[in-house]
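Colleague: I have the model open beside me and would like to go through it with you. Could we begin with one of the loops?

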Amino acid sequence: MSQPLVGMDLAELGEALGPDQPGYRARQLYDAIYRGEAPDLVQISTLPVRMREDLARRHALGLPEIERLYQSSDGTRRYLLRLEDGRTVETVLMPEGERDTICISSQVGCPVDCKFCMTALMGLERSLSAGEIVGQVLLVARDNRLRREGGRLNIVMMGQGEPLLNLENVVKATRILLDPAGFGLSPRRITVSTAGIIPKIEELGREPVRPKLAISLNASTEEMRQELMPITRKYHLKDLVEACKAYPLRSWEKLTFEYVLLRGVNDTDGDARRVVRRLANLNCKVNLIALNPGPGIPYATPEPDRVASFHEIVRRSLPCFVRKPRGLDIYAACGQLKRNAVEG
Ligand code: SAH
């Protein structure tokens with residue numbers, strides 16, 4: 001079987017339909033795949049039956065399959081999804097009031113060796129295709145009948161993997177998700193997070209269609225950052241801040257910096273003040289995340305009053321929020337995606 005259809009752009013779908021098809025057929029197929037809810041090819045009712053059957057003989061639709069679904073007491077759902085080659089990857093749905101956030105993966109496992117993150121313990125198995133990135137969104141949106149109008153749906157590329165080490169596929173997936181004729185999300189509703197791959201940040205900035213950018217800061221000094229995130233021995237904090245200064249933000253856009261708080265390691269008032277100094281002059285906000293612990297992670301979560309004190313200091317100078325952990329009881333929270341099994 002040749003390439004799956006999910007992940008193809010309009011021109012590629014036109015080619016998949018074969019020569020001599022009028023252009024509107026490709027648009028109907030594109031619409032059915034990305035806007036519609038067709039669970040399989042033969043149910044795409046806008047196309048003639050023969051055409052659907054023909055297509056289905058040559059191509060799979062290519063949505064992932066649900067291998068396991070874990071349900072948290074806070075409403076979060078963690079999907080273990082099976083890909084075409086049998087590998088599995090995780091996607092998390094976090095409903096909150098009128099808003100839903102889907103956290104998607106960009107790779108199976110991760111090559112970046114952050115010492116506080118469980119996904120790092122998997123190593124990298126492989127990168128996901130654009131179709132596998134979009135497919136997570138289509139599947140979870142359909143499985144939960146999520147509505148996307150009025151800014152209800154948010155996508156964060158903060159699951160397994162380092163998205164900027166799979167930039168081409170991340171950008172292609174983003175184009176489909178943001179295309180008004182495709183999935184139709186607003187560019188304000190999709191964010192990609194990186195450990196700070198500097199040349200790729202510059203490349204992303206040159207893309208006309210791109211998600212918002214979040215950067216995992218996680219330390220206030222070069223030395224501590226290199227200890228916690230070995231990849232930053234190559235991509236220095238100082239250069240990262242310079243790349244952020246040069247990053248072409250859109251008029252409505254701010255950078256987000258994420259900071260994982262580790263008890264007694266990077267959570268002092270002095271760290272908070274250094275974070276403020278580092279980020280001065282950047283149009284940004286800061287999200288603090290108290291460590292989500294897990295087996296194999298040699299750090300502890302700070303006490304709530306330590307988090308509050310850190311927050312208070314940063315907040316005096318920059319917009320700063322404490323990210324509420326979601327799905328901790330099912331290993332669905334930040335840094336916990338490692339295909340962990342859950343009893344019961
Ligand atoms: N590789 C990308 C995408 C992953 S996003 C990146 O590094 O940004 C995951 C976010 O969760 C990052 O900001 C990371 O710093 C944070 N994180 C990782 N492990 C964590 C843990 N154990 N507890 C809390 N946050 C964690």
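Modeller: Let us begin with Asn281, which is exposed, with a relative accessible area of 74%. Here buried means under 20% relative accessible area, exposed over 50%, and partly exposed in between, using a 1.4 Å probe and protein chains only. This is a predicted model, in which local features need pLDDT of at least 70 and side-chain atom pairs count only at pLDDT 80 or more, while totals for chains, interfaces and linings use all residues. Residues are numbered from 1 along each chain as its sequence is written, and side-chain values use heavy atoms, with hydrogens and water left out.

Colleague: Where does Asn281 lie?

Modeller: Asn281 sits in the loop between helix 9 (269-279) and strand 11 (284-290). Helices (H or I, at least four residues) and strands (E, at least two) are DSSP runs, numbered from the N terminus. Asn281 is not a glycine, yet its phi is positive, at about 75 degrees.

Colleague: What is phi of Asp20?

Modeller: Phi of Asp20 is near 75 degrees, a positive value in a residue other than glycine. Asp20 belongs to the loop between helix 1 (10-17) and helix 2 (23-34), and Asp20 is exposed, with a relative accessible area of 77%.

Colleague: Changing topic, how many salt bridges does the structure hold?

Modeller: The structure holds 25 salt bridges. A salt bridge is a side-chain nitrogen of Lys or Arg within 4 Å of a carboxyl oxygen of Asp or Glu. One of them joins the side chains of Arg87 and Glu125, at 2.8 Å from N to O. That pair links distant parts of the chain, 38 residues apart: Arg87 is in the loop between strand 2 (77-82) and strand 3 (88-96), and Glu125 is in strand 6 (residues 124-127).

Colleague: Which residues are linked with Arg87 and Glu125 in a network of salt bridges?

Modeller: The network links Asp85, Arg87, Glu125, Arg126, Glu132 and Arg339. Within it, Arg87 is partly exposed, with a relative accessible area of 33%, and Glu125 is partly exposed, at 27%.

Colleague: And where do Glu96 and Lys324 lie?

Modeller: The side chains of Glu96 and Lys324 meet in a salt bridge of 2.9 Å, N to O. This pair also links distant parts of the chain, with Glu96 in strand 3 and Lys324 in the segment after strand 12 (320-322), 228 residues apart. Glu96 counts as partly exposed at 45% relative accessibility, whereas Lys324 is exposed at 52%.

Colleague: Which helix holds both Glu203 and Lys200?

Modeller: Both lie in helix 6 (residues 198-205), 3 residues apart, which is about one turn of the helix. Glu203 is partly exposed, with a relative accessible area of 32%, and Lys200 is partly exposed, at 26%.

Colleague: Now the whole protein. How many helices and strands does it have?

Modeller: The secondary structure comes to 10 helices and 12 strands. Buried residues make up 52% of the 344 residues.
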